[in-house]
Amino acid sequence: ASGVQVADEVCRIFYDMKVRKCSTPEEVKKRKKAVIFCLSPDKKCIIVEEGKEILVGDVGVTVTDPFKHFVQMLPEKDCRYALYDASFETKESKKEELMFFLWAPEQAPLKSKMIYASSKDAIKKKFQGIKHECQANGPEDLNRACIAEKLGGSLVVAFEGSPV
């Protein structure tokens, strides 16, 4: 709707996160656990935000709690899109599923909120097969209980290794 394009790199990252090929332990460490996307300075393209990612290999090494780290990477006063590879457990099994986030905090400028909201369909069209979507308007929308609710409600017993 907004005419905003999605950079090829954004699509590549989504594909790499979505497709879990048989990989060596070294390749697994380089997989992305979380990535944040922003609008380019001219507001015409959705791009990968420089330095805003968590690799699977960082978890347990430089990142203790990947979800908490992810939430802290989001800007306090501006909007973003993000992909998060959520690990969770139900009573029956362990699962990993991608979540798409639209982060639109209360303190973000109205213009930013409008362009991110109107460009959401452009990025979502590129992200075929995402089951879970979350719009967060503040840190209170990004707690484990809210995320567990989005992933499967009362069936979810743990998220990122911690009980819900």
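**Exercise 1.** In this predicted model, determine at which residue helix H4 bends and by about how many degrees, and then check how the separation of its ends agrees with its number of residues.

*Solution.* The bend in H4 is located at Ser119 and amounts to about 40 degrees.

**Exercise 2.** Decide whether Val6 is buried or exposed, and identify the residues with which it is in contact beyond four places in sequence.

*Solution.* Val6 belongs to strand S1, residues 5-6. Its relative accessibility is 10%, and because buried means under 20%, Val6 counts as buried. Beyond its neighbours within four places in sequence, Val6 is in contact with Cys11, Cys45 and Ile46, and also with Ala122, Ile123 and Lys126. Lys126 is 120 residues away along the chain, yet the C-alpha atoms of Val6 and Lys126 are separated by 7.9 Å.

**Exercise 3.** Describe the largest nonpolar core and the elements that supply it.

*Solution.* This core has 26 residues, and those with the most contacts inside it include Tyr116, Ile123 and Phe127. At least two residues come from each of H1, S2, S3, S4, S5 and H4. A second, separate core of 23 residues includes Leu74, Ala82, Trp103 and Val156. Returning to Phe127, its contacts beyond four places in sequence are Val10, Phe14, Phe37, Leu83 and Phe100.

Key: Residues numbered from 1 in each chain as written. Predicted model: local features only at pLDDT ≥ 70, side-chain atom pairs only at ≥ 80, totals over all residues. Heavy atoms only, no water. Helix = DSSP H or I, 4+ residues; strand = E, 2+ residues; numbered from the N terminus. Expected span 1.5 Å × (residues − 1). Bend = angle between axes of the 7 residues up to and from the residue. Core = buried A, V, L, I, M, F, W, Y, C linked by side-chain atoms within 4.5 Å. Buried < 20%, exposed > 50% of the residue type's maximum accessible area, 1.4 Å probe, protein only. Contact = heavy atoms within 4.5 Å.
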